[in-house]
Amino acid sequence: IEGQLNEGGLSCEYEPSPYIDYNGAGLLYFAAYPTICDTLERRILMTRFNLKGKDWAMATSTVARDVFYYRNLDIGEKLRASVIQVKRDRLSEIVIHTRLFRLCDHAPMADIFTKKRLL
């Protein structure tokens, strides 16, 4: 489980829920970014790596995360998550760099670096 993945375009689209992902001012909650990232990383990486029948959510546990926020997303718009890089930090730890983009203009919304431990 390692490598530069942006060449193959490991990505997927997502429309955040206006009921749970946005606040009363119509802004995407900053706290929703990591949850959206986890959901889409799981979807992307489950198709890429053979975990011998295990679900990514059950095969890994998040131990650290850094999120760099750049911009927001209007209600009703979609975003794209792209896994840029996956690298092994230690024998049982993986660091994943995921970027969230707005679909309407392809502007980056966030860079998210997640360290996960293989269980």
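**Entry 1: nonpolar core**

I began with the largest nonpolar core, which has 26 residues, and I noted that L28, L45, L79, V86, I96, L100 and M109 touch the most other members. I took a nonpolar core as a set of buried Ala, Val, Leu, Ile, Met, Phe, Trp, Tyr and Cys residues joined through side-chain atoms within 4.5 Å. At least two residues of this core come from each of α1 (32-48), α2 (56-59), β4 (79-90), β5 and β6 (108-118). I recorded α1 as the source of the largest share, 7 residues. Helices (H or I, at least four residues) and strands (E, at least two) are DSSP runs, numbered from the N terminus. For burial I used relative accessible area: buried is under 20%, exposed is over 50%, and partly exposed is in between (1.4 Å probe, protein chains only).

**Entry 2: basis of the values**

I note that this is a predicted model, in which local features need pLDDT of at least 70 and side-chain atom pairs count only at pLDDT 80 or more, whereas totals for chains, interfaces and linings use all residues. Residues are numbered from 1 along each chain as its sequence is written, and side-chain values use heavy atoms, with hydrogens and water left out.

**Entry 3: salt bridges**

I found 8 salt bridges in the structure, a salt bridge being a side-chain nitrogen of Lys or Arg within 4 Å of a carboxyl oxygen of Asp or Glu.

I looked up E13 and R80, whose side chains meet in a salt bridge at 2.8 Å, N to O.

I then turned to K116, which forms a salt bridge with D38; the closest N and O atoms are 3.6 Å apart. K116 is in strand β6 and D38 in helix α1, 78 residues apart, and the pair links distant parts of the chain. K116 counts as buried at 6% relative accessibility, whereas D38 counts as partly exposed at 26%.

**Entry 4: E93**

I placed E93 in strand β5 (residues 93-102). Is E93 buried or exposed? E93 has a relative accessible area of 4% and is therefore buried.

The side chain of E93 meets that of K115 in a salt bridge of 3.8 Å, N to O. Because E93 lies in strand β5 and K115 in strand β6, the pair ties together parts that are 22 residues apart in sequence. K115 is partly exposed, with a relative accessible area of 23%. I also noted that salt bridges with shared partners join D38, R65 and K116 into one network.

Which side chain makes a polar contact with that of E93? The partner is R117, at 2.3 Å. I counted as a polar contact a pair of N or O atoms within 3.5 Å; within protein, one must be able to donate a hydrogen and the other to accept it, and residues adjacent in sequence count only if both atoms are side-chain atoms.

Leaving aside neighbours within four places in sequence, I listed V63, K87, R88, K115, K116 and R117 as in contact with E93, where contact means heavy atoms within 4.5 Å.

**Entry 5: F68**

I located F68 in strand β3 (residues 60-69). F68 counts as partly exposed, at 42% relative accessibility.
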